[in-house]
Amino acid sequence: MAAVHRSYQRVAHQQIDQAVLAEELGFDYFFLTEHHFQPEGAEFSPNPLQTGTAIAMRTKKIRIGQMANILPRHHPLRIAEQVGMLDVLSGGRVEFGVGRGGGTRETEPFAQAYGSSDIDQYKNQAYFDEALDIIVKAWTEPSFSHQGTFYTIPPKWLPWDSALTRAYFSQPGLERRLDDVIETRDGKDYLTELSVYPQPLQKPYPQIWQTALSTNSVKVAARRGFNVCHLGAGGEDVRNVLEAYHTEAEKAGWPDRSSSEPFKFGWDSQRKRGVSFLRFVHIGEVTPDKRNGLFHFPNYVADSLISGIHLPHGAKLTGEFFEDAGMMLHGSVQQVIDGLMRDYHAGFEDHLVLPIFETPGLSGKEVEEQMQIFAEEVMPVLRAECGGSPDAAPLIEVPSN
C-alpha cells in the first residue's frame with residue numbers, strides 16, 4: 001500500500017504538468033474527473049477544483065474543467081464558492097462539469113453527511129437537481145434563499161443580531177434591502193438570505209457540462225441548457241444521442257446562458273455548446289493483454305446503459321468490449337483519425353473531441369508522449385476537417401479594488 005500512496009503523490013504533480021503541456025501543445029480544454037478511495041486504478045482526482053487552481057496559476061489560455069464534480073458528494077454552497085474562486089483566479093476559464101456519480105464506496109461516505117444516496121437512485125437524482133439549483137442561484141443572485149427537500153438556506157432557526165449587517169443593508173443603492181435579508185420574529189432577528197462570494201467572472205455563470213450514460217440524462221441536460229459529455233455511446237448510438245439532445249433542446253426553446261437561438265448540430269465551436277463523447281485513445285501497437293489492461297471503466301457502469309446494451313451485474317468491461325463499441329481507439333495515427341472521423345460523420349457540424357490519454361498501466365512520461373503525438377499528427381487533421389478551433393477567449397478582466 002505504501003507504494004500505491006507514493007504513486008498517487010506522483011500523479012498529483014503529473015496531472016498539473018500534463019495540463020501545462022496540453023496548453024503548450026494547443027489543446028483547448030483540460031478536464032479532470034472526481035474519484036475517491038480507489039487503490040486499483042488510474043481514476044485518481046479527489047479534488048479537481050483544487051488541482052484546477054494549481055493549473056490556473058501555471059497557464060494562460062487553456063480552459064479548466066471537471067468531468068465531473070459529483071454533486072451528491074458536496075455541499076452545494078461550498079462547491080459554488082470553490083468554482084467561483086477558480087473562475088476568478090483563472091480569469092474566467094472554468095468549465096463546470098457535474099454528475100450524479102456511481103459506486104457506493106465513493107459516494108456513501110459523503111452521502112451520510114449530505115443526505116444523498118447512491119443506493120437510492122431517486123434520492124440521488126433529487127439531491128443532484130436541488131444542489132444544482134442552489135449553485136446557479138448562488139452564482140446569479142446578489143443574495144438568495146432556498147427551501148427544498150435537503151436544504152433550507154439559510155436555516156430558519158439562525159438568529160442574526162449584527163449591527164454591521166443592519167448598517168450595510170441600510171445603505172442606498174443596494175440590490176437588497178434590510179427587510180430582504182433580515183426578518184424579526186418574537187423580538188429576535190433572523191437571517192433570511194445569504195450571499196456567496198466570489199461569484200464567477202463568467203456571466204451569467206460558467207458553461208455547465210452534465211455527464212450522461214442514458215438518453216434521459218441527455219434530454220434533461222438539453223432542457224436545462226447544459227452541454228453533455230456522453231460516457232458510453234459509440235458507433236451508431238452517437239447519432240442517436242445527438243438527435244435526442246437537439247430534439248429536446250429545440251422543444252425547450254434552445255436554452256442557453258446568453259441566448260435562445262438554435263446552435264449547430266452536434267457541437268457549435270463558436271457558442272462552445274453541444275455534445276461530446278469520451279474516447280479512450282492510444283496511438284501505437286496494443287496487444288490483446290495490454291488492451292484489456294489499458295482501457296478501464298468503473299465496474300459500476302455495468303448496471304447502466306452503454307451503447308444501447310443493458311449489461312448484467314458483474315459483467316466485465318474489457319478492452320475488447322470498448323473497442324467493439326467504438327469507444328476505444330488504438331493503433332496507427334490513421335486508425336485513430338478514422339475512428340474520430342466516424343464520430344464526426346455521425347452528425348457533427350463542428351467536432352469537440354474528448355480523448356482520454358491517462359490510463360492504467362502508463363507512466364506519466366508515456367501519457368505525455370501520447371499527448372504529443374496526438375497534438376502533432378491528429379489535431380491538425382481534426383482542425384482542418386471538423387469545423388476548426390476558434391482562438392481561446394481572452395481572459396476576463398478582474399475588477400480592481
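Let's start with strand β4, residues 94–99, in this predicted model. All of its residues, 6 of the 6, are buried, so β4 is largely enclosed by the rest of the structure. And what about its two faces? On one side we have V94, F96 and V98, and on the other E95, G97 and G99; every one of these is buried, so both faces are covered, counting under 20% relative accessible area as buried.

Which strands pair with β4? Let me take them in turn. Strand β2, residues 63–66, pairs with β4 in the parallel sense over 2 bridges. If you want to find that spot on the screen, look for G65, which stands opposite E95 in β4.

Next comes strand β3, residues 69–70. This strand also pairs with β4 in the parallel sense, over 2 bridges. Here I70 has G99 of β4 as its bridge partner. To get from β3 to β4, the chain passes through helix α3, residues 76–89, and this β-α-β crossover is right-handed.

Then there is β9, which runs parallel to β4 and is joined to it by 3 bridges. On this side, G97 has W209 in β9 as its bridge partner.

Which peptide bonds are cis here? One of them runs from I153 to P154, with omega near -10 degrees. You will find P154 in the loop between β6, residues 152–153, and α6, residues 163–169. Another cis bond goes from K203 to P204, with omega near 0 degrees. P204 sits in the loop between β8, residues 188–191, and β9, residues 208–212.

Last stop: positive phi values in residues other than glycine. F37 has phi near 60 degrees, and its place is the loop between β1, residues 29–32, and α2, residues 48–58. Is F37 buried or partly exposed? At 45% relative accessibility, F37 counts as partly exposed.

K272 is not a glycine either, yet has a positive phi of about 55 degrees. This lysine lies in the loop between β11, residues 267–268, and β12, residues 273–283. K272 has 19% relative accessibility and therefore counts as buried, the cut-off being under 20%.

Methods. Residues are numbered from 1 along each chain as its sequence is written. This is a predicted model: local features need pLDDT of at least 70, side-chain atom pairs count only at pLDDT 80 or more; totals for chains, interfaces and linings use all residues. Side-chain values use heavy atoms; hydrogens and water are left out. Helices (H or I, at least four residues) and strands (E, at least two) are DSSP runs, numbered from the N terminus. Buried means under 20% relative accessible area, exposed over 50%, partly exposed in between (1.4 Å probe, protein chains only). Two strands pair if DSSP finds at least two bridges between them. A crossover is right-handed if, with the strands pointing away from the viewer, the path from the first strand over the helix to the second runs clockwise.
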